[in-house]
Structure formats: C-alpha cells, structure tokens
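Please examine the structure shown here, and follow the account below through a few of its residues and elements.

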Amino acid sequence: MNNVMGVIVFTELKDVLKELTANRSLAAVPFGARYRLVDFALSNLVNAGVRNVGVFVQEKYRSLMDHLGNGKEWDLNRRRDGLFILPPEKYADGSTTWLLNGDILLLRRHLDYLYRSKQEYVILITSPLVYNIDLNDVLSKHLQSEADITVVYRNFSDGECNGSFTELSLDTSGRVNDIKISPLLSQSSKLSLDTFVLKREALIRFVDLATSTGGHDFVKDILIRNISKLRIQGYEFGGYARKINSLECYYHTNMELLQPMIYQELFFANGLIFTKVKNEPPTRYEDSAVVKNSLVANGCKIGGTVEGSIVFRGVKIAKNAKIKNSIIMQKADISEGVSLENVVIDKDCTIGAGKRLKGDTNYPLVLSKATIL
C-alpha cells in the first residue's frame with residue numbers, strides 16, 4: 001500500500017467515557033490489559049502496508065502522545081513518511097473546544113499535511129473502533145467498484161453492543177443510497193464502522209468545500225449532503241467489531257475478550273495488534289492466588305482471587321481480596337479483604353483493606369485515576 005496514507009481523527013463527545021476520559025483523550029483509553037484504543041486503527045493501517053499515518057488529536061492529548069512516541073512500535077519511525085501527530089490550533093485564550101464540533105475542522109487546520117503527502121488514496125478512520133480488518137481487501141474492492149468513497153459497515157444483530165451509529169441503506173449493487181445518524185426508529189442493521197477510502201485530492205476538495213459552506217462534519221456535510229452526486233460504495237465487514245462510544249460498551253467489550261474465539265479473532269485474524277512495549281517481569285502468583293477466566297498482564301503480583309476480569313500491568317492484589325467481573329488498570333493497589341464486582345478501576349488507584357464495591361453489569365462502578373479509597 002505504498003500509494004495509500006492513513007488519517008486517524010477521532011471526533012468525540014466530551015467525556016464520553018465519563019471518569020475514564022476526564023484526564024485523557026478517548027484514543028488513549030486503556031483496553032484489554034495492555035492496549036490503548038488507538039492501537040487498533042494504527043495496527044490495521046500498518047498491517048496493510050500503510051507507512052504514512054496522521055493522527056489528528058483534540059483535547060487532553062498528553063497521554064496519547066506519550067503512548068505513540070515516535071511510532072517505533074508500529075514501524076512508523078521513518079525518515080520518509082512515518083507517524084505525524086497533528087494537534088489542534090488554539091484560540092488566544094488557550095481553548096480548543098470549538099474543534100469538538102467536527103472532524104472537518106481538524107482536517108482543515110492541517111490541510112498542508114494532506115497537500116505534502118504523495119499518496120493517491122486515503123484511508124480515513126473517524127471513531128475508536130475495536131476490530132481487526134484487512135484494509136488491503138477494502139482498497140481492492142474500492143478500486144474495483146470505481147467508487148468516489150467506500151464506507152466500511154457491519155451488520156449488527158439485536159442485543160450487540162452498538163451504541164450510537166450511522167445507519168446505512170444500500171441498493172442491490174452495494175451503493176449507499178441513504179444515511180441516517182442515530183435515528184430513533186432504526187430501519188437497517190447495516191451500521192457504519194466510520195472507516196472510509198477515497199482519493200487524497202478528493203478529501204482536500206471535500207474539506208475545502210464543506211468548511212467554505214459552514215460544514216464541520218464528514219458524514220453530515222460531505223456524505224449526506226452529496227449522496228446523490230457521489231458514488232458511495234459499501235464494504236461489508238463480517239468480523240468482530242465494536243465502537244467504543246459509551247462506558248457500558250467499553251465495559252462489555254473488555255469482558256467479551258474473555259471468550260477465546262473473540263480474543264483470537266481480534267488480536268490475530270488479519271495481523272497482530274501492536275502497542276507500546278514496556279519491559280516488565282512476569283506476573284507473580286502467590287500460593288494463595290486463584291485466577292479463573294481472566295486476562296492478566298505482566299508485572300503484576302496476585303495473592304487474592306480474580307475471576308472473569310481484566311488486570312493491567314503492575315497491579316497488586318493482596319491475599320483474601322476478591323475481584324470479579326472487573327477491569328483493574330495499571331499499577332492499582334488492592335489491599336487485603338477487598339471485594340470488587342462489576343467495577344472499573346482507573347490507573348494508580350489504591351483500595352484500602354476491607355472495602356467492598358459493587359456495580360451492575362449494565363452500569364459498572366468507575367473509580368477515577370489515582371483515587372485513594
């Protein structure tokens with residue numbers, strides 16, 4: 001894919017994951033014991049051979065920049081092309097909240113990056129998606145169809161974690177003939193995965209046209225406004241995919257990783273999912289430890305009971321502590337006698353001896369970063 005560049009621009013509602021996005025961007029939210037949400041978009045692009053990737057960031061991006069570094073873990077630390085982190089411009093008072101209105105404004109502020117790039121095509125990803133997709137096949141189908149824009153979608157069944165999605169209607173040839181954004185009355189199970197393929201020059205032209213006429217959103221002001229003028233083709237993705245747009249969806253998606261088939265498909269199906277490497281020792285399991293159906297990262301010390309849970313790097317769980325159906329992020333310290341069920345613990349939290357916390361499977365209890373309880 002030497003002729004394709006990648007653009008990642010996650011537009012998000014303010015604090016969509018509540019406490020988990022209070023101090024970090026949505027792209028930097030930890031996931032699956034050792035990853036961040038941005039890892040999936042980056043890895044899918046790199047696995048397809050894309051070597052020029054621009055990450056457009058909005059507010060609270062220090063954690064994201066620390067995670068991405070120079071792009072070494074994704075083989076993007078290059079002399080030519082590589083990883084580009086493109087922050088928003090600020091007003092004189094330091095605010096950037098106006099940029100949260102849409103992805104088009106972010107792209108408009110960095111059109112010089114698109115102008116300087118040499119690739120003919122762009123793969124644009126605009127949401128934090130947990131999926132493992134063969135983007136080479138997406139590009140191939142895009143070229144075969146001679147479409148102006150190809151949009152990746154998936155058929156979601158009732159009960160699946162889908163949250164707020166863009167709904168597509170397609171004709172028999174696979175052409176998109178109608179688009180609705182989070183309608184109250186759903187009429188289609190074909191939901192966009194916010195992954196698009198189009199020519200770089202076309203994206204520049206669309207961004208300029210949209211902003212000059214007051215537009216700010218790629219779907220609303222480019223796709224929907226021009227649906228009768230453009231040939232927008234759909235590409236159906238049949239694998240596992242989740243869009244992280246609510247705390248409930250984040251929690252349930254993590255819990256689904258405990259199903260071996262889902263875990264294997266997500267992290268190995270179309271290539272590996274890469275993340276920032278941290279050299280830590282293996283996890284130490286004490287004689288009193290009992291661990292069942294859980295993901296436990298390296299660098300932990302486990303003395304209690306862990307069941308159906310996701311445990312990130314460097315977590316300490318003392319004897320007689322009981323962790324069930326919970327997500328425990330980096331370097332949390334769980335003392336003796338603690339009982340946690342349906343709880344999400346952010347980084348660097350300390351839970352004192354004997355504390356009992358219990359949430360609901362649909363409304364997990366969340367503790368903010370560095371909470372001492």
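Leaving aside its neighbours within four places in sequence, which residues is Arg36 in contact with? In this predicted model, the contacts of Arg36 beyond those neighbours are Arg24, Ala27, Ala28, Val29, Pro30, Phe31, Ser63, His67, Thr275, Gln330 and Lys347. Arg36 itself belongs to strand β3, which covers residues 35-36. One of the residues it touches, Ala28, also receives its side chain: the side chain of Arg36 reaches the backbone oxygen of Ala28 at 2.6 Å. Arg36 is buried, yet it has no salt bridge.

Is Val296 buried or partly exposed? Val296 has a relative accessible area of 23% and is therefore partly exposed, since buried means under 20%. Apart from neighbours within four places in sequence, Val296 is in contact with Thr283, Tyr285, Val291 and Val311. Between Val296 and Val306, which are ten residues apart along the chain, the C-alpha separation is 9.3 Å.

The account ends with a helix. Helix α8 spans residues 247-256 and is mostly covered, with eight of its ten residues buried. The buried residues of α8 are Leu247, Cys249, Tyr250, Tyr251, Thr253, Asn254, Met255 and Glu256.

Methods:
Residues numbered from 1 in each chain as written. Predicted model: local features only at pLDDT ≥ 70, side-chain atom pairs only at ≥ 80, totals over all residues. Heavy atoms only, no water. Helix = DSSP H or I, 4+ residues; strand = E, 2+ residues; numbered from the N terminus. Buried < 20%, exposed > 50% of the residue type's maximum accessible area, 1.4 Å probe, protein only. Lys, Arg positive; Asp, Glu negative; His and termini not counted. Salt bridge = Lys/Arg side-chain N within 4 Å of Asp/Glu carboxyl O. Polar contact = N/O pair within 3.5 Å; in protein donor to acceptor, adjacent residues only side chain to side chain. Contact = heavy atoms within 4.5 Å.
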